[in-house]
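Work through the exercises below with the sequence and model open. Try each task before reading its solution.

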Amino acid sequence: MTRSDVQLMLDVKAGDEASFEFLLRKYRSPLVNFLYRMVRDEATAEDLAQEVFLRVYRARKQYSPSAKFTTWFFRIATNLALNSVRDNRYRKREVPLDAPAEEDAPPFELPTREMRIDEHMAERDRAEFIRRAVAALPEKQRAAVLLHKYEEMDYGEIAKILDCSESALKSLLFRAYETLRVQLAPLVVQPAAHRAGEGRPS
Amino acid sequence: MKCEDISNELIAYLDRRANSAERRAVEDHLAGCAACRERAEEFRALWGALDGMPVIEPSPGFDARVRQRVTAEPRPGWFAWLVPQPRLAFSLAMLLALGVWMARLPNRAGYGAPTEQEDFNAIKDLGVLENYEVLMKFDALSELPAAPAPQPVPRQQGDQITND
C-alpha cells in the first residue's frame, strides 16, 4: 500500500530513516527545479535544496500533520528562496562603483509582440526565452506562478505558502500571467487573421 | 461583469478551479467580449508554452550530500528517552510543582468541624472556668497588668454647645 507524504513524515518522526530517504527521492527533482527557477542559479538552488531537506529532518520531532506535507515543504523552500533572492540583490547593490561590469548572462533580447517566432528557432533558445521571462517576474509573482503552473497546487495551498489571502493570490497570478502573456507574445499571440477587427480588453 | 472585474476570475476559470457561479459569470462575459475572449485564448496558449520551461536534474552527488548533512546532525542522547516531548515534560514539571505547593499548605481539616475528642476536651474544663472561686485563686491571672480606666475626653473649645 502506498503511504501518503504525511504518513511518511510521521514515520520519519518515529525514527524511520528509510521514509526520509523516500521523501528525498520523491521531492529532490521538483524541489531543485523550483529553487533553480526562483534563484536562477543551479549551484545556489542545490545548496538551498539541501538546506530544505535538512530543515525537514531537523523539524521531524515537532512535525504535526496540520496541513498537506507539500504546503509545509514548499513553504520552507519558498522562504529560503525569497531570502536568498533578497540577500543576493542586497549584495549586488554593495558592488563598488569601479567594479567591472556585471558578468551575468548575456543580454537576451525579448522579441516584440509583433515579432513572429522563427519556426526554426532552436528548442533550447525557446526554453531559455521562457525561463528568462519567468525569471524576470517579481519574486512573489514568480513563486506564485511556479507553484500554480509547475507544482499544480490549489489556491488555498499557495496562499498559505505565500502568506496571503486567496483573492490576493488570484490578483497576483493574474498580473504575473498578464506580464508573461506580453513578454512571451511571439509564442502565444493568435494569428493576425483570427484577430482581425477585434479590440483590446477594455 | 466588466473586463477589469473578470481578471481575477479568468485564471481560475481557465484552469478549471472556478466554482459554478464564477464559471457562469466568466462565460457570460466572454460570450459578449471579443477582447477578453482573445486574451483567454492567449492565456491558454501561454500555459502550453510554459510547458517548454527547461528542466534540470539534481547533480549526481546531491543525495549523498543531503545524507552526509543529515548524518552529521547531533543525535538525541540517552536522556531524550526521559524527555520525549518538551511540552509533556513542562506539563509534568508544573504538575509536580503544584503538588508540592498544595502539600505545604496548612491542613485545612483543622479549620473544619471539630472532632469528637476535641469536643470532649473543651467540655471537660468548662466546669473549672465557670467556678468563680477557682478563678479568683488562679495565680496566673493576678500577673496580668490591670486594664487602664477609660479617661474622659477633654472638650475642645469649638465643641461648646450653646443653647441660644
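Predicted model: local features only at pLDDT ≥ 70, side-chain atom pairs only at ≥ 80, totals over all residues.

Residues are numbered from 1 along each chain as its sequence is written, chains are lettered from A and ligands numbered from 1 in the order in which they are written, and side-chain values use heavy atoms, with hydrogens and water left out.

**Exercise 1. Describe the fold of chain A.**

Step 1. List the elements. Chain A has 10 helices and zero strands. Helices (H or I, at least four residues) and strands (E, at least two) are DSSP runs, numbered from the N terminus.

Step 2. Check burial. Of the 202 residues in chain A, 45% are buried. Buried means under 20% relative accessible area, exposed over 50%, and partly exposed in between (1.4 Å probe, protein chains only).

Step 3. Look at contacts (heavy atoms within 4.5 Å). Among contacts in chain A with a separation of 6 or more, 64% join residues 24 or more positions apart.

**Exercise 2. Characterise the contact between chain B and chain A.**

Step 1. Count residues. Chain B gives 41 residues and chain A gives 55 residues.

Step 2. Take the area. About 4600 Å² is buried between the two chains, with 60% from carbon and sulfur atoms. Buried area is the accessible area (1.4 Å probe) that two parts lose on being put together, summed over both. B:Glu42, B:Met53 and B:Ile56 supply 15% of the area that chain B buries against chain A, more than any other three residues.

Step 3. Count the charged pairs. There are 10 salt bridges between chain B and chain A. A salt bridge is a side-chain nitrogen of Lys or Arg within 4 Å of a carboxyl oxygen of Asp or Glu. A:Glu46 forms one with B:Arg65, and their closest N and O atoms are 2.8 Å apart.

Step 4. Assign elements. Helix 1 (3–14), helix 3 (34–50) and helix 4 (62–71) of chain B each give two or more residues to the side that touches chain A. Helix 3 of chain B gives the largest share, 12 residues.

**Exercise 3. Check the cysteines.**

Step 1. Search the whole structure. Zero disulfides are found over all chains. The test is a pair of cysteine sulfur atoms within 2.5 Å.

Step 2. Take B:Cys36. B:Cys36 counts as buried, at 0% relative accessibility.

**Exercise 4. Inspect two residues with positive phi.**

Step 1. A:Asp163 is not a glycine, yet its phi is near 60°. A:Asp163 lies in the loop between helix 7 and helix 8 (166–183) of chain A. A:Asp163 is exposed, at 61% relative accessible area.

Step 2. B:Arg16 has a positive phi of about 60°. B:Arg16 is in the loop between helix 1 and helix 2 (20–32) of chain B. B:Arg16 is exposed, at 76% relative accessible area.
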